[in-house]
Amino acid sequence: MRPIERLAYDLSQGARVAWFMGQYLATRRLSREANRGIAWPRNMPGRQAVLADMRSLFLRDRANVEAGIYRLPQDGVASPLAVLRKSRLFFRDLARVNERRMAGGHQEVEREGIGGAGLPRYYRQNFHYQTGGWLTEESARLYDYQVEVLFAGGANAMRRQALVPVHHFLKRRTAQGPVHLLDVACGTGTFLSFVRRNFPAVEVTGVDLSAAYLAVARRRLRRFGKAVFLEGAAEKLPFPDASFDLLTTVYLFHELPPAVRHRAVAEFARVLRPGGQVILVDTIQKGDHPPFDALLDAFPLTHHEPYYARYIGEDLDALFGQAGFVTVGHERAHLSKVSLFERPAQAGANGRPSDKPAAA
């Protein structure tokens with residue numbers, strides 16, 4: 001990385017964190033009434049410890065750019081007018097979010113029939129008490145901004161760590177033809193835009209349950225050329241067997257009921273080709289970084305996340321192992337974790353390892 005690029009990275013990411021940290025602190029102040037009476041977990045980490053850990057994330061992010069794993073990111077703070085407009089929309093919605101929190105109102109999506117009755121029941125909720133759940137155009141416009149406020153500007157840097165195993169997979173690949181990547185619960189297409197910008201030869205497909213979010217994803221990916229988007233659920237993927245070489249999923253698993261997580265992993269095994277990999281990004285779990293365990297207990301107290309407590313105790317290695325995957329490894333990235341699982345090259349039905357020996 002040239003000195004000018006290093007400076008550009010430091011300035012853009014520093015400005016991004018400063019802005020979203022300010023938005024986060026303002027959110028905390030405006031949510032005092034909604035937070036009143038919450039019994040916070042003991043041993044919550046101090047702000048300095050969290051900021052120091054975030055700094056390590058950005059140092060790793062910059063090191064990945066310097067190593068040529070992915071390109072210099074282009075997600076610094078955008079034009080002032082655009083940012084101020086999005087901030088105004090965010091805080092307008094925050095007032096409604098806090099009203100729902102105080103009233104326990106997390107079923108508006110179900111009650112008002114938003115998104116249609118054909119969606120899974122677990123999905124028809126106001127996750128995070130957010131207006132429209134994940135199902136409206138308003139929600140889709142605000143989602144990326146809301147996530148960055150939640151993570152004080154670190155969300156994209158955490159997502160980018162999933163590009164590292166994509167990079168290594170492509171370097172090791174010896175088969176001919178294009179690599180096909182499926183992003184499950186692709187949302188507004190943020191991660192897929194990172195993939196296409198850094199690995200333009202990879203053919204990408206996104207699947208999500210929200211038509212509104214998919215509309216944003218299609219617009220976002222248009223400038224990168226061809227990308228396929230379909231409506232569908234992780235536990236019932238609309239693709240033939242052995243269709244993909246890589247499967248990614250970002251911040252999905254903590255929003256699935258335990259039984260649905262199991263069905264989703266079985267589907268991952270079905271649609272992946274032998275030798276394919278699953279790159280899973282989600283929040284850290286209990287014990288991944290004990291100083292932050294109290295943060296994990298606190299999160300569901302302020303956000304409607306009905307399946308989160310079960311997720312942070314889930315044994316991911318066992319979950320994927322039951323579907324025939326081999327665990328390659330886990331890498332913590334601040335408040336997130338990148339987990340890598342491989343479908344064995346010699347696989348039988350349903351993705352389970354075959355007893356048949358490899359050909360000599």
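This is a predicted model: local features need pLDDT of at least 70, side-chain atom pairs count only at pLDDT 80 or more; totals for chains, interfaces and linings use all residues.
A residue is called buried when its relative accessible area is under 20%, exposed when it is over 50%, and partly exposed in between. Arg-173 lies in the loop that runs between helix H8 (163-172) and strand S1 (180-184). When residues up to four places away in sequence are not counted, Arg-173 touches Pro-178, Val-179 and Asp-245. Arg-173 and Gly-275 are 102 residues apart in sequence, while their C-alpha atoms are 9.8 Å apart in space.

Thr-205 belongs to strand S2 (residues 203-208). With a relative accessible area of 10%, Thr-205 is buried. Its contacts, leaving aside neighbours within four places in sequence, are Leu-181, Leu-182, Asp-183, Leu-192, Val-228, Phe-239 and Phe-244. Between Thr-205 and Glu-267, which are 62 residues apart along the chain, the C-alpha separation is 15 Å.

One of these contacts, Leu-192, is also among the buried residues of helix H9. Because 9 of the 9 residues of H9 (residues 190-198) are buried, this helix is largely enclosed by the rest of the structure. Its buried residues include Phe-191, Phe-194 and Val-195, and also Arg-196 and Arg-197.

Helix H4 (residues 80-103) and helix H6 (residues 137-150) pack at an angle of about 95 degrees, and their axes are 10 Å apart. Angles of 65 to 115 degrees count as roughly perpendicular, and H4 and H6 are therefore roughly perpendicular to each other. H4 contributes Val-83, Lys-86, Ser-87, Leu-89, Phe-90, Asp-93 and Arg-96 to the contact, and H6 contributes Glu-138, Arg-141, Leu-142, Tyr-145, Gln-146 and Val-149. By class, the residues of this contact comprise 6 nonpolar, 2 polar and 5 charged.

H6 also packs with H1, at an angle of about 85 degrees and with the axes 8 Å apart. H1 is therefore roughly perpendicular to H6. On the side of H1, the contact is made by Arg-16, Trp-19, Phe-20, Gln-23, Tyr-24 and Thr-27, and on the side of H6 by Tyr-145, Glu-148, Val-149 and Leu-150. The contact of H1 with H6 has 6 nonpolar, 2 polar and 2 charged residues.

Most residues other than glycine have a negative phi. His-128, although not a glycine, has a positive phi of about 60 degrees; it is placed in the loop between helix H5 (108-111) and H6. His-128 counts as buried, at 16% relative accessibility. Ala-152, in the loop between H6 and H7, likewise has a positive phi, near 55 degrees. Ala-152 is buried, with 7% relative accessibility.

Finally, the second largest pocket draws on several of these elements. Its volume is about 940 Å³. The pocket is lined by 35 residues, of which Arg-16, Asp-75, Asp-144, Asn-156 and Arg-220 lie nearest its centre. Two or more lining residues come from each of helix H1 (3-30), H4, H6, helix H7 (155-160), H9 and helix H10 (211-221). The lining divides into 15 nonpolar, 6 polar and 14 charged residues. Arg-16, one of the residues nearest the centre of the pocket, also takes part in the contact of H1 with H6.

Key. Residues are numbered from 1 along each chain as its sequence is written. Side-chain values use heavy atoms; hydrogens and water are left out. Buried means under 20% relative accessible area, exposed over 50%, partly exposed in between (1.4 Å probe, protein chains only). Helices (H or I, at least four residues) and strands (E, at least two) are DSSP runs, numbered from the N terminus. Axes are lines fitted to C-alpha atoms, for helices over the stretch in contact, and angles run from 0 to 180 degrees between N-to-C directions. Angles under 35 degrees count as roughly parallel, over 145 as roughly antiparallel, 65 to 115 as roughly perpendicular and the rest as oblique. Contact means heavy atoms within 4.5 Å. Ala, Val, Leu, Ile, Met, Phe, Trp, Tyr, Cys and Pro count as nonpolar, Asp, Glu, Lys and Arg as charged, and the others, Gly among them, as polar. On a 1 Å grid over the protein atoms alone, a cavity is a set of points where a 1.4 Å probe fits but cannot get out, and a pocket is an open set with protein on both sides within 12 Å along at least five of seven lines; lining residues have an atom within 4 Å of a point. Grid points are joined across faces, edges and corners, and a volume is the space filled by probe spheres set on the points.
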